[in-house]
Amino acid sequence: MSETAIPYMVKPHPVTGIPNGKLGIWLFLASEVMLFGALFSSYVLIRTGMPHWPPEGGLSSEVLNVPLGTFNTAVLITSSITMVLAWASCKMGSLPKFKMWMGATVFLALVFLVVKYFEYSDKFHHEHFPSHDNFYAIYFVLTGLHGLHIVGGIIVNTFLLTAGSKMWQTDPEHFTNRVENAGLYWHFVDLVWIFLFPSLYLL
Amino acid sequence: MSVQHHNGGNGHGHAHDGHGHHELPFWRKYIFSVDHKMIGIQYGVTALAFLFFGFSLMMLMRWQLAYPGQPLPLLGKLLGETDMPGGVMAPEFYNQLGAMHGTIMVFLGVVPLAVGGFGNFVVPLQIGAPDMAFPRLNMVSYWVFLPGTLIMIASFFVPGGAAQSGWTSYPPLSDITGQGFFSGQTFWLFAMVLIITSSLLGSINFIVTIVQLRAKGLSFWRLPFFVHAQLVTAFLLLLAFPPLEAASVLQIMDRLAGTSFFLPSGLVVSGEPLKIAGGGNPLLWQHLFWFLAHPEVYVLILPAMGIVAEVIANNTRKPLWGYRLLVYSVVFLGFMSFVVWAHHMFMTGMGTTMSTFFQITTMIISIPSVIILTCFIMSLYGGNIRFTTPMLFATAFLPMFAIGGLTGLPLGLTASDIYLHDTFYVIGHFHYVVAPGTLFALFAGVYYWYPKATGRQMNDALGKVHFWLSFIAINFIFMPMFFQGMAGLSRRLYDPTIYAHGRGVQTLNVVISWGAWALAIAQLPFIVNFFMSLKKGARVAENPWHATTLEWAAPSPPGHGNFLTEPVVYREPYEYSVPGKPNDYSPQFRAEA
């Protein structure tokens, strides 16, 4: 890799008060806001253009499984808490505690995906594919893209939990920063779900 | 990066001084390089190649437009019976060329050259940084971009050929042409997703680099105007591109999963009702597309303005007129570019309140553009101008961009837009902005920074031939388009002579086509110059133009890590001809000058 020393990789910049990576992750999240913002706007536009929502009649809360959705919301919120605890463990200098909390975060993320799998397969079982109508199209695209973000988070968090944690021995501050950045991303993914759940399942 | 320090016992003796020259293997140095200069050159060369390719597509179309229905000599046979039966261009092929010309020029040519090329190469040097903030991310951004471009080109070879729905890919047409994964439009969408992702990664890198890695003493009010322009551009890329990514995902779903995001109920295609759920909205695509594509216009023009500012200050030997005004204007342009998108949609029947709003914002956004142009013209006043090749291109940018900008006003007013919409007038307007505007500025940039990138000067005589031939030819192409457009000639006609009002301006089509082919010939001196100067150009020291900004403190070409000693900035960027100083330039990086 490049041997050029880039300033403020680990230490915060004296003016902005944060290192490069943290500014980078915030900017990335800004672009993610625009991505999901565009999708939510599309949802609003399509829904307001329909005489009834869902188009087949009934209520969203009858078509989608609200108890499972509620459970998943709780799972993700809990995983955000464990993520903060993982970062706090790094700050307090305990790698074993970090591993415990980070492991819990990854586990909860997997629980979320398993529940999502049951929800999806139930819809597919009833031949409710994205092509069925725009209600399902919106539902699958929004939750699918959110699911991909969850998968991305699992990959990053698993890396930090395993091979990435070697950095703890050489540069604990840099490692803690990485955990914090992964956490910022994870909270964002959590936040997206907190918007998705009521607007898809309840409204 | 820093990780490497800890397991660096590989005998290289790592260069902690930041400019070590231990040799990397070929593939690390030239292919999977993490050095911003090499990545900038990769982007630049790729983009130049695509500019010429996209231009070639247009030259083919110009044959059909000038001589509709006549067989194209020589080339017509080579392109095969599907696309050119009997040497005559098929309408489907014409549509493919049109859509791909626009897409390639914008997304594979101008943006990668202006942002990926010049941004990557120049910005870290101008701010005195050893590299971009995230060198590996920078490499990834290029290697996401390249597969995107390859998919885009590969789309010519799938059944049915490349995308045919114009560079804007308006549904329902784009949703229903070609079926399945192996179709031009689907390839177009996947390529766009990759290219957008690459831009996103790049823009994050630019912003972090400019905010965090400026050299000591380089406050925001001491940044060269080019860096300000790139910073605003990066924000546009960061915030405007995701909506098109979302839109592309939705269109991919429409095409592959059978959803109806952009397909309304009751759609009838070729007399058959389409078997879809319906309930979608084709206008949704237009909103999402133009929410990206209007800021995109400023992504095309702002880096060009940045280059022009650098070249003008350097060659007039005086400070830029109204430097702070320029910076305020460029930031204001950036903000405003997010609230003008629907002026592309006056004809969609979106309601007069909306139209009025976007008409007003469009008139407002023309103000900072005029301010910027005025500042540049004022900068020329009283200057001791050196008409070098880059300066010729930068000077020509001013009237060309002015024509492009002023002809845009009638398009921003709803009343006149109703008549001019989708005519050749529009083509003339935005090509004046992007071709003799942005592209001339980019050529100025190539001639200006070539010595920094290679350590050799490009030939000035060949450069002037390139400039004058291009300047004359390009006006023969785009000026007649205004007259065709005002005669009502529609922009996407395969055969312009099918309507009586088109036959009246058909002679102009012949003029335009010969202009286009002449412009191609005018590029030969540039191509020869570009490659010949690599070996034969006059060697230069670090500051051949006697410039003041930081990139000229580094060796030409700069080694890994860029600067021999850590640069410190002492003054504002354009201190030329300061009274009482022995030289007519006082570089930012010299304590006493």
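Analyst: A definition to start: helices are DSSP runs of H or I with at least four residues, and strands are runs of E with at least two. Note that the model is predicted.

User: How many helices and strands does the secondary structure of chain B come to?
Analyst: The count rests on those DSSP runs, numbered from the N terminus. For chain B it comes to 20 helices and two strands.

User: Which radius of gyration does chain B have, and what would a compact globule have?
Analyst: Chain B has 593 residues, so a compact globule would have a radius of gyration near 25 Å. The C-alpha trace spans about 75 × 60 × 55 Å along its principal axes. The radius of gyration of chain B agrees with the globule value: 24 Å.

User: Is B:Ser533 buried or exposed?
Analyst: B:Ser533 is found in helix H20 of chain B, residues 524–536. Beyond four places in sequence, its contacts are B:Tyr450, B:Arg456, B:Gln457, B:Met458 and B:Asn459. The cut-off for burial is 20 or more other C-beta atoms within 10 Å. B:Ser533 has 20, so it counts as buried.

User: What separates the C-alpha atoms of B:Ser533 and B:Leu200?
Analyst: Along the chain, B:Ser533 and B:Leu200 are 333 residues apart.

User: Which helix supplies the largest share of the side of chain A that touches chain B?
Analyst: The contact takes 36 residues from chain A and 46 residues from chain B. On chain A, helix H1 (20–48) and helix H5 (134–161) each supply at least two residues of that side. The residues there divide into 21 nonpolar, 13 polar and two charged. The largest share is 14 residues, from H1(A).

User: How far apart are the end C-alpha atoms of helix H7 of chain A?
Analyst: Helix H7 runs over residues 172–202, which is 31 residues. At 1.5 Å a residue, H7 of chain A should therefore span 45 Å. The end C-alpha atoms agree with that: 44 Å.

User: Where in H7(A) does a kink lie?
Analyst: The bend is about 25°. The kink comes shortly before the proline A:Pro198. Its place is A:Leu196.

Conventions. Residues numbered from 1 in each chain as written. Chains lettered and ligands numbered in written order. Predicted model: local features only at pLDDT ≥ 70, side-chain atom pairs only at ≥ 80, totals over all residues. Expected span 1.5 Å × (residues − 1). Bend = angle between axes of the 7 residues up to and from the residue. Contact = placed C-beta atoms within 7 Å. Nonpolar A, V, L, I, M, F, W, Y, C, P; charged D, E, K, R; others polar. Buried ≥ 20, exposed ≤ 12 C-beta atoms within 10 Å, placed from the backbone. Rg over C-alpha atoms; globule rule 2.2 N^0.38 Å.
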